[in-house]
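Good morning, and thank you for joining this meeting.

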Amino acid sequence: MIIGIDLGTTNSLASVFQNGKAILIPNSLGSFLTPSVVSLVDKDEILVGLSARERLSTHSDLTASVFKRYMGTNKQIPLGRKFYRPEELSSLVLRSLKRDAEIFLGEKIERAVITVPAYFSDAQRKATRIAGELAGLQIEGLLNEPTAAALAYGLHELPDESKFLVFDLGGGTFDVSVLDLFEGVMEVRASTGDNFLGGEDFRNSIVDIFIEKVAKKSKLPVEDQKLLGIIRNQAEIVKRALTDSSSVEMKVNWKDTSYTMSVTGEEFAVWSEPLLLRLRKPVERALRDSKIKSSELDQIVLAGGATRMSAVRKMVARMFGIMPTSSLNPDEIVALGAGVQAGLKMKNSELKEIVLTDVCPYTLGMEVSEKIGREFKSGFYLPIIERNTIVPVSRSEIVNCIQDNQREMKVCIFQGESRLVKDNIFLGEVTVKFPPLPASEAKADVRFTYDINGILEVEVHVLPTDEKYRSVIEENPGVLTPEEITEKLKRLEKLKIHPRDKEENRAVLSRAERLYEESLGETRRFIGEELGYFVGALDTQEENLIQEANKRLTKVLQELEGDNYL
Ligand code: AMP
């Protein structure tokens with residue numbers, strides 16, 4: 001069995017193709033959304049998901065979130081006393097989803113399709129694959145998130161020759177893709193995006209205003225991580241509430257005092273204006289690259305939880321002059337699409353074969369020297385595979401040495417759009433040998449092959465000697481070596497995910513602890529008493545008592561937080 005996984009910045013989901021359609025897999029709490037948050041409880045025990053997210057403000061030094069943003073980089077994220085790489089933390093989320101899927105399906109799961117933002121670089125894709133490997137999953141393919149969104153909407157049911165745009169605004173990333181369906185072939189014509197723009201930035205605009213207008217004026221310690229955590233949490237509640245209400249009161253409790261600020265939908269729209277403007281650029285670029293006019297689009301598909309914001313929906317409708325398609329739950333679309341793809345991979349007979357093509361989301365090329373005046377100057381970029389070329393693709397360029405009798409040529413590989421390589425991302429290099437020859441005869445054919453999984457292979461064919469150098473791009477700063485993967489696996493094996501059957505208790509405990517810290521006076525004392533009762537029940541280890549105490553505490557928390565609970 002192959003499962004589909006949407007490994008999101010904020011939440012992750014798993015799905016499977018069953019009885020002719022993709023369905024979502026519930027986690028131990030019965031929810032489809034597992035927050036992509038990891039928290040350390042004991043030395044070797046970790047929480048994943050909701051119970052971990054509840055600890056973001058109460059145990060910020062033991063809890064890690066939004067690590068997807070750092071995939072493919074060397075960033076080390078602290079968790080307790082140790083540091084972890086983003087792919088290690090992601091692997092813990094994947095491990096938790098795998099375990100939920102195994103319980104739900106009643107069989108061992110070892111294969112998965114994982115979705116990634118379309119413009120994820122080579123290093124980011126590799127890191128995602130490694131995260132899968134670290135979680136004990138064989139990755140059957142990486143699927144671009146917008147393509148997944150398209151699959152979820154069942155492209156085969158659309159009339160032929162449809163063109164549409166997927167507008168995917170998640171927690172931390174923004175993806176725009178233009179797709180074209182023609183004679184059963186689905187083509188991603190262009191993919192652009194911004195991997196530092198998402199729902200969290202909209203929330204942060206509320207955080208910033210609260211800090212400016214309330215916290216600083218009241219001399220609150222805004223550098224305190226715990227306080228910041230509470231402000232963020234409350235801003236998130238306000239942001240979501242503004243989807244349905246025109247005005248919301250934001251309330252932050254800190255050291256026996258309540259600090260409030262009222263926010264209207266219009267105010268929020270004004271604060272978000274710079275972000276709304278940033279959403280336009282990738283859309284314009286995707287249309288330009290795909291050579292499709294906005295008037296030719298048949299549908300605008302919304303994906304990603306943040307497209308629920310009315311300011312975003314309004315902007316999309318205004319921009320395209322049509323109402324966006326949003327019949328499926330925007331949080332679930334990508335995961336459902338991953339499930340469809342998993343079904344395709346299993347060659348499920350119930351699925352009509354849809355041919356999918358994809359594009360390489362960025363330009364790949366090499367460094368060359370250019371003659372400036374009489375001298376050669378290095379540092380220039382020769383694009384080999386242009387961005388938004390349909391993949392799999394193989395392209396080559398003939399290059400030659402710049403000096404007579406040059407014995408060596410270094411092919412430096414880059415990704416990016418700038419004319420100077422220093423402004424692009426270095427991916428690796430291959431050094432090849434030449435016999436002594438005049439420069440004009442010392443030629444090499446440099447071939448770049450980019451496959452459907454976003455993996456790049458470079459082959460340098462030295463024409464005078466007929467020697468071929470295949471490159472494994474070694475110096476990929478953000479990618480672990482096989483030895484490092486083995487070492488990380490050993491380290492991760494020691495970490496045990498909190499027992500699944502106890503997850504319900506753990507989640508309610510974390511939630512009560514958070515609410516205790518956020519509340520004041522009478523309410524706080526009351527939560528303290530209820531918490532004490534619950535912990536007492538846990539200590540008895542008697543299932544009936546624990547269940548009854550869980551129900552009681554959940555009811556109390558629900559009454560206190562009501563609809564404000566995320
Ligand atoms: P995703 O990465 O697709 O799971 O999207 C998560 C983002 O969607 C987060 O930034 C959430 O704050 C945002 N989101 C979820 N529900 C809502 C809502 N009702 N209104 C506004 N934003 C939401």
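**The ligand site, the cores and selected residues**

Let me begin with the ligand. In this predicted model, an oxygen atom of the ligand is 3.0 Å from a polar backbone atom of Ala306. For Gly305, a polar backbone atom is 2.9 Å from an oxygen atom of the ligand. Thr10 takes part through its side chain, where an N or O atom is 3.4 Å from a ligand oxygen. On its own the ligand has 500 Å² of accessible area, and the protein covers 90% of that area.

How many residues surround the ligand, and which are the closest? There are 15, and the closest are Gly171, Glu236, Lys239, Thr243 and Gly305. By residue class, this shell divides into 8 polar, 5 charged and 2 nonpolar residues. Two helices, H6 (199–215) and H7 (225–241), each supply at least two residues of the shell. The largest share, 3 residues, comes from H7.

Helix H7 also holds Gln234. Is Gln234 buried or exposed? Gln234 counts as buried, because its relative accessibility is 15% and the cut-off for buried is under 20%. Leaving aside residues up to four places away in sequence, Gln234 touches Met250, Lys251, Val252 and Glu518. By contact, then, Gln234 reaches Glu518, while Val432, 198 residues from Gln234 in sequence, is 58 Å away from it, C-alpha to C-alpha.

I now turn to the interior. In soluble globular proteins, nonpolar side chains tend to be buried together. Here the largest nonpolar core has 50 residues, and Leu165, Phe167 and Leu279 touch the most other members. Helix H6 gives this core its largest share, 7 residues. A second, separate core has 43 residues, with Ile5, Ile25, Ile46 and Ile77 among them. Returning to Leu165, its contacts beyond four places in sequence include Val176, Val178, Val283, Leu287 and Phe320, and also the polar residues Ser177 and Gln299.

Beyond four places in sequence, Ser90 touches Leu7, Phe67, Met71 and Ala131.

Next, please look at strand S26 (residues 456–462), where His461 is found. At 15% relative accessibility, His461 is counted as buried. What does the side chain of His461 contact? It makes a polar contact of 2.7 Å with the side chain of Asp466. Besides Asp466, His461 touches Lys443, Ala444, Asp445, Glu467 and Lys468, not counting residues up to four places away in sequence.

Asp466 itself lies in the loop between S26 and strand S27 (467–471). This residue counts as exposed, because its relative accessibility is 54%. Its phi is near 65 degrees, a positive value in a residue other than glycine.

Asp256 likewise has a positive phi, of about 70 degrees, although it is not a glycine. Asp256 sits in the loop between strand S15 (247–254) and strand S16 (257–264), and at 60% relative accessibility it counts as exposed.

Finally, I draw your attention to a cis peptide bond, which runs from Val391 to Pro392 with omega near 0 degrees. Pro392 is found in the loop between strand S21 (389–391) and strand S22 (393–400).

Conventions. Residues numbered from 1 in each chain as written. Predicted model: local features only at pLDDT ≥ 70, side-chain atom pairs only at ≥ 80, totals over all residues. Heavy atoms only, no water. Near = heavy atom within 4 Å. Polar contact = N/O pair within 3.5 Å; in protein donor to acceptor, adjacent residues only side chain to side chain. Areas by Shrake-Rupley, 256 points an atom, 1.4 Å probe, with all protein chains shown as cover. Helix = DSSP H or I, 4+ residues; strand = E, 2+ residues; numbered from the N terminus. Contact = heavy atoms within 4.5 Å. Core = buried A, V, L, I, M, F, W, Y, C linked by side-chain atoms within 4.5 Å. Buried < 20%, exposed > 50% of the residue type's maximum accessible area, 1.4 Å probe, protein only.
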